[in-house]
Amino acid sequence: MSNKILILNGPNLNLLGKREPEIYGHETLADVEQLCLATAQGEGVEIDFRQSNHEGDLIDWIQEARDNFDAIVINPAAYTHTSVAIHDALQAVEKPVVEVHLSNIHKREEFRHTSFVSKSANGVICGLGTHGYQLAVQAVCRLLSSR
Ligand code: DQA
């Protein structure tokens, strides 16, 4: 059976392509999903790609990964900088986690420089736009095969 990767996207990422394109680019979240699907096919893994504007949804989905997925790729969006609950959920899941951001959060406002999520991630990719998602899928596959 092939590995299954859960790809989670936090608040406002549903507006990708329309929202601050000078920061986040012109590609939509559907484009990102297609990119992840193509990457997953190349790696021989399955993905489930989801987005929510609600913190509780993201936590429920992370908990679901305990039984139903092998690894997580997550762009927690603004919850990156605020959510102890997402940090705790990821700690509890005991699966490889890669955090991804389209923009380079370290080059932006001070409040974006802190990530609660990084403390529970195996690795972090930021500042490479949608290509970062492709790299994140490849990274969790590498982590899974080296287990
Ligand atoms: C983001 C960066 C966050 O600071 C921001 O709140 C987002 C998107 C990114 O992908 O660059 O919504 O996670």
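Predicted model: local features only at pLDDT ≥ 70, side-chain atom pairs only at ≥ 80, totals over all residues.
In which loop is N12 found? The loop in question runs between β1 (4-9) and α1 (21-24). N12 is not a glycine, yet its phi is positive, at about 75 degrees. Its relative accessibility is 35%. Since buried means under 20% and exposed means over 50%, N12 counts as partly exposed.

From this one residue we can turn to the whole chain. The protein chain contains 5 helices and 5 strands. Read from the N terminus, these elements follow the order β-α-α-β-α-β-α-β-β-α. The radius of gyration is 14 Å, close to the 15 Å that the globule rule gives for 147 residues, so the chain is as compact as a globular protein of that length. The C-alpha trace spans about 40 × 30 × 25 Å along its principal axes.

Of the contacts in the protein chain with a separation of 6 or more, 76% are between residues 24 or more positions apart. Buried residues account for 46% of the 147 residues. The accessible surface of the chain is about 7300 Å², and carbon and sulfur atoms contribute 47% of that.

Helix α4 covers residues 84-93, and its buried residues are I86, H87, A89, L90 and V93. Viewed down the axis of α4, these residues fall within an arc of 165 degrees, so they line one face of the helix.

What do the buried residues of α4 pack against? Their partners are α3 (55-68), β3 (71-75) and β4 (97-101).

Just after α4 comes E94, which lies in the loop between α4 and β4. E94 is a residue other than glycine, and its phi is positive, near 55 degrees. Is E94 buried or exposed? At 59% relative accessibility, E94 counts as exposed. N12, with its own positive phi of about 75 degrees, counts as partly exposed.

Technical notes: Residues numbered from 1 in each chain as written. Heavy atoms only, no water. Buried < 20%, exposed > 50% of the residue type's maximum accessible area, 1.4 Å probe, protein only. Helix = DSSP H or I, 4+ residues; strand = E, 2+ residues; numbered from the N terminus. Arc of directions from axis to C-beta. Contact = heavy atoms within 4.5 Å. Rg over C-alpha atoms; globule rule 2.2 N^0.38 Å. Areas by Shrake-Rupley, 256 points an atom, 1.4 Å probe, with all protein chains shown as cover.
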